[in-house]
Amino acid sequence: MSPNHVMEEPALLDAMGTVTGLRVLDLGCGDAAIGRTLLNAGCSSYLGLDGSAAMVEAAGETLQGTSGRAEQVDMEDFAAPPSSFDLIVSRLALHYVEDFAAVLMACHACLSPGGRIVFSVVHPVLSSYDAGTREPRTNWIVDDYFLKGPRQRSWLGGSVTWFHRTVEDYVDALVNAGFALSALRECAPREERFDGDLAELARRRRVPLFLLLSGTRI
Ligand SMILES: C[S@@+](CC[C@H](N)C(=O)[O-])C[C@H]1O[C@@H](n2cnc3c(N)ncnc32)[C@H](O)[C@@H]1O
């Protein structure tokens, strides 16, 4: 049972609220599954950006037959004219970015007045330290929490770099970029999504996996 499905996605959908008529930008869109969902929910446009050519291709397939688009862009180089978007979403991608403050500034610059950003990242208690345990995990270690910066992680047979930041760092960066904090969620598991698997629900209640923040452009 994917933790994204039982923990992150419901918190994200709640935080986004009604999307009817909104122009949506998705940073680190992956296969753009959320793009299809948002277009079905009535957003007026969807643009997904991802640094990986393979992901942009997958996103193109997901968005086939819709008005949604995906482009290969490194989000650290991203910029768009003022008032280009009403909602910026980013799922589990911003912990790959070193200069998070600069990305938030670029987001602020291209949102309409009152526009919103909603993003999820790997929870800082997880990005702090990699115990290297195999799934399913039965214990978790938090260490070097206040030591910000890169962390190497094994991922799908390769190695990726996450940039660890504390919860406080995420909130400060959002506020310093000119957003009012509208929600901070730790994505507690939703019992209704577990199909009665109470053992898995109990396991997912042990440790936060995701941090979600939402900000409104001031
Ligand atoms: C864990 S995946 C999440 C994908 C998608 N948002 C989802 O929830 O299914 C992280 C995505 O961020 C993309 N990514 C990482 N760093 C990036 C960067 N600097 N610019 C653009 N995309 C990036 C990766 O290629 C990957 O598709």
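How much of the chain over residues 25-117 is helix, and how much is strand? In this predicted model, that stretch is 31% helix and 29% strand, and its end C-alpha atoms lie 9 Å apart.

Let us turn to the interior. In soluble globular proteins, nonpolar side chains tend to be buried together. Here the largest nonpolar core has 35 residues, and those with the most contacts inside it are Met16, Val24, Leu38 and Tyr46. Two or more residues each come from helix 1 (3-16), helix 2 (33-40), strand 4 (85-91), strand 5 (111-122), helix 5 (124-127), strand 7 (158-164) and strand 9 (210-217). Helix 1 gives the largest share of this core, 6 residues.

Setting aside residues up to four places away in sequence, Met16 touches Ile34, Leu38, Leu87, Val89, Arg116 and Val118. There is also a second, separate core of 29 residues, which includes Cys107, Leu111, Tyr170 and Leu213.

Finally, follow the chain to His95, in the loop between strand 4 and helix 4 (100-110). Is His95 buried or exposed? With a relative accessible area of 2%, which falls under the 20% cut-off, His95 counts as buried. Beyond its neighbours within four places in sequence, His95 is in contact with Val121, Val122, Thr161, Trp162, Phe163, Arg165 and Tyr170.

Technical notes. Residues numbered from 1 in each chain as written. Predicted model: local features only at pLDDT ≥ 70, side-chain atom pairs only at ≥ 80, totals over all residues. Heavy atoms only, no water. Core = buried A, V, L, I, M, F, W, Y, C linked by side-chain atoms within 4.5 Å. Buried < 20%, exposed > 50% of the residue type's maximum accessible area, 1.4 Å probe, protein only. Helix = DSSP H or I, 4+ residues; strand = E, 2+ residues; numbered from the N terminus. Contact = heavy atoms within 4.5 Å.
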